[in-house]
Amino acid sequence: MFRAIFIGLSESKTLRSIAERSRIGRRLSSRFVAGMTVDDALTATAATNAHDMSVSVDNLGENVTNVAEAEESATLYHQMLDQIAARKLNANVSLKLTHMGLDVDQQLSRMIVDKLVAHAAKLGSFVRIDMEGSLYTEKTLEVVYELHRRDGNGGHVGAVIQSYLYRSEGDVQRLCAESIRIRLCKGAYKEPPEIAFQKKADVDANFVKLMKILLKSGTYHGIATHDPKMIDATIAFARKEKIAPDSFEFQMLYGVRRDLQQQLVRDGWGMRVYIPFGTEWYPYLMRRLAERPANAVFILKNLMRR
């Protein structure tokens with residue numbers, strides 16, 4: 001019930017407009033969003049690196065409505081790539097295709113992302129193409145395949161797979177066949193039973209199945225979860241199959257289970273923290289609450305702090 005409520009809230013344009021303009025709204029988001037500017041995000045990145053964790057930086061935003069917005073978003077990502085390299089940070093970037101103009105002009109969005117991936121490749125960095133709702137799944141994967149196959153781009157662009165979609169096992173097999181790096185997560189959008197598992201137990205079971213395929217593939221992948229059961233299953237499988245801890249990484253969200261992040265690092269496992277920033281934080285925050293309603297308690301505690 002709570003998941004449905006928060007997903008519904010994430011789609012409310014009225015509440016989003018009110019929240020993103022209000023002081024209290026920005027304060028509520030502060031636990032899970034690093035700030036409003038590139039410098040805020042890179043400062044948080046440096047602090048995270050100091051704890052022996054790598055980072056993926058994401059400028060929050062999606063579904064831009066014109067070319068100017070898409071180009072502005074891309075310019076900011078180019079700046080981030082340059083600043084990450086200049087500051088010698090252990091970080092890469094994540095982006096959504098709709099933030100790069102996919103809904104406005106598909107060809108233009110591909111050109112924009114092509115330039116970003118080429119820039120990342122030149123710097124020895126990496127661009128993760130985030131997955132959005134199921135309406136964008138096929139389009140997103142098409143872009144990832146196209147970019148990865150271009151000369152010089154191999155290993156510098158990757159995809160996200162959501163374990164709640166029935167199609168995900170086939171997508172994982174095809175991506176692994178081309179040695180494309182994957183971030184595996186459970187998924188945070190509301191999808192119909194025709195295309196997605198509805199029960200948590202089924203989503204979890206598929207997550208474990210896909211995790212095993214990834215760890216055996218020989219390509220460096222990210223296992224993105226805060227669920228102790230999924231983490232334990234991953235560690236148990238890695239140890240059983242004698243898979244080296246440095247051949248994959250766990251990934252978690254900024255501000256969520258910091259204790260567990262640090263414990264995994266102390267135990268010798270790789271950890272990448274997904275650090276979002278920017279003014280368009282509302283849909284992101286609501287989806288995080290949908291994934292784990294207990295996060296609402298964290299936010300309320302954070303609001304009471306000085």
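## Ground rules

Because this is a predicted model, local features need pLDDT of at least 70 and side-chain atom pairs count only at pLDDT 80 or more, while totals for chains, interfaces and linings use all residues. Numbering runs from 1 along each chain as its sequence is written, and side-chain values use heavy atoms, with hydrogens and water left out.

## The chain as a whole

The chain has 13 helices and 8 strands, taken as DSSP runs numbered from the N terminus (helices are H or I, at least four residues; strands are E, at least two). Of its 306 residues, 55% count as buried, that is, under 20% relative accessible area with a 1.4 Å probe and protein chains only; over 50% is exposed, and in between is partly exposed.

Contact here means heavy atoms within 4.5 Å. Among contacts between residues at least 6 apart in sequence, 72% join residues at least 24 apart.

## Nonpolar cores

A nonpolar core is a set of buried Ala, Val, Leu, Ile, Met, Phe, Trp, Tyr and Cys residues joined through side-chain atoms within 4.5 Å. The largest one holds 76 residues, and Leu 95, Phe 250 and Leu 264 touch the most other members. Setting aside neighbours within four places in sequence, Leu 264 is in contact with Ile 231, Ile 235, Phe 250, Met 252, Trp 269 and Met 271. There is also a second, separate core of 5 residues, including Leu 165 and Tyr 189.

## A cavity and its lining

A cavity is a set of points on a 1 Å grid over the protein atoms alone where a 1.4 Å probe fits but cannot get out; lining residues have an atom within 4 Å of a point.

Among the lining residues are Met 131, Val 160, Ile 161, Gln 162 and Leu 165.

## A closer look at Gln 262

Gln 262 sits in helix 11 (residues 258-266). Gln 262 counts as partly exposed because its relative accessibility is 31%. Not counting residues up to four places away in sequence, Gln 262 touches His 51 and Met 53. Met 53 is 209 residues from Gln 262 in sequence, yet their C-alpha atoms are 8.5 Å apart in space.

Technical notes: On a 1 Å grid over the protein atoms alone, a cavity is a set of points where a 1.4 Å probe fits but cannot get out, and a pocket is an open set with protein on both sides within 12 Å along at least five of seven lines; lining residues have an atom within 4 Å of a point.
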